[in-house]
Amino acid sequence: MEKQIRRKDGSLKSVSYAKWGFIFIAPFFLVYIVFTLIPQFLTLYNSFFENYRDGLKQIGPNFVGLDNYKELFSPDGNGTILVLRYTLNTLIMWLLGAIPQFVIAMLLAIFFTSYRLKIKGQGFFKSVIYMPNLIMAAAFSMLFFTLFDMTGPIHYVLVENGIIDASFDFFSNRVTVRSLIALMNFLMWFGNTTIVLMAGIMGIDQSLFESATIDGANPVQVFFRVTFPLLMPIFVYCLITAMIGGIQMYDVPQVLTKGNGSPNGLSKTLVMYLNSYFGPSKNYGMAGALSVYIFVITGSLGFFVYKRLSAPYKDSARKHRRRKGDVI
Amino acid sequence: MKKLIVILLAAVMLLSIVGCAGQGGTQPAAEQGKVFNIYAWNEEFKGFFEKYYTVPEGVTVNWIINPSDNGVYQQKLDEALLNQANASADEKIDMFLAEADYIGKYVDSEYTMDVTSFGFKNADTMYDYTIKAASDSNGVCKGVSFQCCPAAVIYRKSIAKDVLGTDVPEEVQAQIDTWEKFDAVAAQAKEKGYYMTASFAETFRAFSNNCTMPWVDKDNKLQFDPQITAWMDQTEKYIANGYTLTAGVWDAEKTNQMFKDGKTMCFFGPAWYYNFCMTNAQDKENGCVGDWCIVKGPQAYFWGGTWLLAATGSDNTDMLKDIFETFTTNEDVCSKLVENENQYPNNTKVVEKYAKDESYGNTAILDGQNDIAVFAELAKDIKWENHTNYDQLLNEGLQNKLQEFYKGSVDKETAMKNFYQYVKETYATITVPEN
């Protein structure tokens, strides 16, 4: 944006308003570079070094090439490649929570925005479903731990009613521990997703719904032919942010299983694994290699989801533009 | 444009200066500091400190408390110690607490200082092992312990009466003075519907503190002492036979067994165990104060202990000396620790006084038995040997990984391999047995 102003002596002075734009976005980029970009490169750099602590003595940093990566992908004593197991754990637990999260959030978003239902007390319901997100994840997890522990009320009630055996431990069973973690993530996040999806739906022109109804479309058709395609950009955004959050899952399983990822590491997530290298040995090398792996996983999954889900939408947008041009 | 950036940067710098100002700039080097920083992992010693030590006027005491679980305390402490040289006088750690399981790591480093450098002398009344634990490989002592931790079997009298037909300490001791006898009593208890212990790890310390070799050998290779394997065998049997529970040693499931309606006969612990682990037994409504006695049990051992270490760089050396003296040589304070706090102090003179005193008895939790007399006998045998800096997390890790086996989620082999993997992740320097 340049504008020329003629000075009194007749010369031209150009005034650029673009600089204000740069100034306003500069703080973000500065913060991003200092606190995200540089650390990212440092992580990559660190992953090539042997660098840890033995007691209060520092070992390294010594350059070891790709040794940390080799170590990361070599099987443990039981023949399991742990990093892959933990990746799978993370994805399973995320999916267990994310599928109901998106289905329920979508349903609620449609109910709340429907001009036919006109649900009363929306503000109240929206606040209530958002509430679990306001609690600190660790506190929420502690609450569940107390409820489902061997000495907790739920365990007690279920034993009293003969539903489970007295020796049944929710945290030693793969299915229950993973389900509990997924349930917590679901409870914490479905409200948030509902709000974002609602905003997305409200951004769609109401007349489209009306005309579809007049044309005889039933609610299901309206949803699949009108609402969902137009909601796609917001939906993809929600899905990708939820996925990134899911891959970084840490506090809920950490607190629930006291950092053990019991049973047999089947509820241990990637970030919990990362944390175990940051115990007393402060192993920057291994933690760096693992972080790079998590970055690659997140990046490629994000890219894949984005490509798959937004490709049809992009096509239709292009077609839409072309048709407009035809008319002219 | 440039001007604006300059102004922005200046503003940011100004803000950060204002932000830091509160944290106290460097003070002129005074004789003694005005701020005394103590690192600890719980409130136990803080309570005694606040009751029995008078802080010199004008000195502020800061407690920095981080939980011990998963090594959090050690990590926070390490960070602070490594930064000790750069910290301002009032920010420096003056004193920190350390447990038996990792005290060596700090004693054998430059981050702790010789107690004689500020005029403290170890007294004859202190237990030798407490001095040895706080001394580095050259014998330089870096701190003191305010307690001595001989540990015993703490049994429920009513259950012992039911199972053994007697609740008199001498007679109970005679029936459980070897592990074979202890196992036999466990079977008897089971028949009567009781548990022998309430946690698979309850007897761990009785074995592990009698080890004849450390967790790692000279080449930092992980090794299992016969005592550790004996514990593993015993526990496996106890779980299989239903003599004990699968709860961890700190779990609520275990401590709930100390209520009046608990079904467990024996607990293993030293004097600090009363206040620290047995609050359920002291519960006004559901507790069972007075239904307890202590005996030596199958094997004498000690458990834990809290040492006070002097941090290098402290500017409050007078106060350090004063604190050390208060909690070791001050007989008045040591007596109060016994009478009011159920502690077993690190002062043989005070201990003897109570051990011989017929009128003394512990009624806070026991039936009036003179527990000091029992502990005094046990304390004579405590030796400080075969410790490594890795003990805390190796002990914890072994228990956690085996617990999964006892709960039935993995087989024993997998549990052991998970333990090796845990060791590898936790301590990069330790070599674990080959697959």
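Predicted model: local features only at pLDDT ≥ 70, side-chain atom pairs only at ≥ 80, totals over all residues.
Residues are numbered from 1 along each chain as its sequence is written, chains are lettered from A and ligands numbered from 1 in the order in which they are written, and side-chain values use heavy atoms, with hydrogens and water left out.

**Interface of chain A and chain B**

- Contact, meaning heavy atoms within 4.5 Å, joins 33 residues of chain A to 36 residues of chain B.
- The two chains bury about 3000 Å² between them, 53% of it on carbon and sulfur atoms, where buried area is the accessible area (1.4 Å probe) that two parts lose on being put together, summed over both.
- On the chain A side, the most area is lost to chain B by A:L56, A:N264 and A:P280, which together account for 23% of what that side buries.

- A:D169 forms a salt bridge with B:K407, and their closest N and O atoms are 2.5 Å apart.

**Helix packing in chain A**

- Helices (H or I, at least four residues) and strands (E, at least two) are DSSP runs, numbered from the N terminus.
- Helix 5 (residues 137–148) and helix 6 (residues 153–160) of chain A pack at an angle of about 30 degrees with their axes 4 Å apart, the axes being lines fitted to C-alpha atoms, for helices over the stretch in contact, and the angles running from 0 to 180 degrees between N-to-C directions.
- Helix 5 of chain A and helix 6 of chain A are therefore roughly parallel to each other.
- A:T146, A:L147 and A:F148 of helix 5 of chain A meet A:P153, A:I154 and A:H155 of helix 6 of chain A.

**Helix packing in chain B**

- Helix 13 (residues 317–328) and helix 14 (residues 331–341) of chain B pack at an angle of about 55 degrees, with their axes 6 Å apart, which makes helix 13 of chain B oblique to helix 14 of chain B.
- Their contact is made by B:T326, B:F327 and B:T328 of helix 13 of chain B together with B:V333, B:C334 and B:L337 of helix 14 of chain B.

Conventions: Salt bridge = Lys/Arg side-chain N within 4 Å of Asp/Glu carboxyl O. Parallel < 35°, antiparallel > 145°, perpendicular 65-115°, else oblique.
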